[in-house]
Amino acid sequence: MMTGILIFTIFTLTIAVLGGYTIVAPWWRTRAGKAYFILFCSLALLAGFFLVEALVGGELDEWVKDVVLTLVAAAIAWNLYTIISKQLYYWRREHPTARPDLTDPQI
């Protein structure tokens, strides 16, 4: 019984955070904001999936699980890509290459 209550709580909190994030933060303006929003959407999808399973009282079809888990994995991978690409961008901006330009005629 406690599992159903926890699933409902997680789903409700996730939807509340998505609503608050949508109202307060202009997430659509930056790549990081979009990545966080997509991550929270995948969490809501996952929690919603488990909530539906708990309400139905049984397991859903295997293909439904595969689709939900694939979407969550894609959201996590997108966040990883966003984090790494942003870090590389700022690192390259702060640390210009020490190697001289090979097309420089003075070399």
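Hi everyone, let's start in the middle of the chain. The buried residues of helix H2 are Ala32, Gly33, Ala35, Phe37, Ser42, Ala44, Ala47, Gly48, Phe49, Leu51 and Glu53. Buried here means under 20% relative accessible area, exposed means over 50%, and partly exposed is what lies in between, with a 1.4 Å probe and protein chains only.

A word on where this comes from. This is a predicted model, in which local features need pLDDT of at least 70 and side-chain atom pairs count only at pLDDT 80 or more, while totals for chains, interfaces and linings use all residues. Residues are numbered from 1 along each chain as its sequence is written, and side-chain values use heavy atoms, with hydrogens and water left out.

Now the overall layout. The chain has three helices and zero strands, and from the N terminus on its elements run α-α-α. Helices (H or I, at least four residues) and strands (E, at least two) are DSSP runs, numbered from the N terminus. Of the 107 residues in the chain, 21% are buried. The chain exposes about 8300 Å², and carbon and sulfur atoms supply 71% of that; accessible areas come from the Shrake-Rupley method with a 1.4 Å probe, and for residues only the protein chains shown count as cover.

Back to H2. Does its length come out above, below or in line with what its 26 residues should span? At 1.5 Å a residue, H2 should span 38 Å, and its end C-alpha atoms are 37 Å apart, which agrees. The expected span is 1.5 Å times one less than the number of residues in the helix. After H2 comes Gly57, whose phi is positive, near 85 degrees.

Which residues does Ser42 touch, leaving aside its neighbours within four places in sequence? Ser42 is in contact with Leu71, Val72 and Ala75, where contact means heavy atoms within 4.5 Å.

The other one is Phe37, also in helix H2. Phe37 counts as buried, since its relative accessibility is 16%. With neighbours within four places in sequence left aside, Phe37 is in contact with Leu18, Tyr21, Thr22 and Trp27. Its C-alpha atom is separated by 9.8 Å from that of Asn79, 42 residues apart from Phe37 along the chain. Across the chain, among contacts between residues at least 6 apart in sequence, 54% join residues at least 24 apart.

Phe37 also brings us to the aromatic rings, as Tyr21, Trp27, Trp28 and Phe37 form one aromatic cluster. A pair of aromatic rings is described by the distance of the centres and the angle of the planes. Rings of Phe, Tyr and Trp (its six-membered ring) pair if their centres lie within 6.5 Å; planes under 30 degrees apart count as stacked, over 60 as edge-to-face and the rest as tilted.

How many aromatic pairs does a search of the whole structure find? The search finds six. In one of them, the rings of Trp78 and Tyr81 have centres 5.4 Å apart and planes at 40 degrees, so this pair is tilted. Both residues lie in helix H3 (residues 62–94), three residues apart, about one turn of the helix. Trp78, at 37% relative accessibility, counts as partly exposed, and so does Tyr81 at 47%. Then there are Tyr89 and Tyr90: their ring centres are 5.0 Å apart and their planes stand at 75 degrees, so that pair is edge-to-face.

On the surface, Ile10, Val17, Phe40 and Leu43 form a nonpolar patch, with about 300 Å² of accessible area together. Patches are made of residues with over 30% relative accessible area and no salt bridge: like charges are joined within 9 Å, nonpolar side chains (Val, Leu, Ile, Met, Phe, Trp, Tyr) within 5 Å. Helix H1 (2–24) and H2 each supply at least two residues of this patch.

Last stop, charges. The structure holds one salt bridge, meaning a side-chain nitrogen of Lys or Arg within 4 Å of a carboxyl oxygen of Asp or Glu. The partners are the side chains of Glu59 and Lys65, at 2.6 Å from N to O. Are these two buried or exposed? Glu59 is exposed, with a relative accessible area of 64%, whereas Lys65 counts as buried at 16% relative accessibility.
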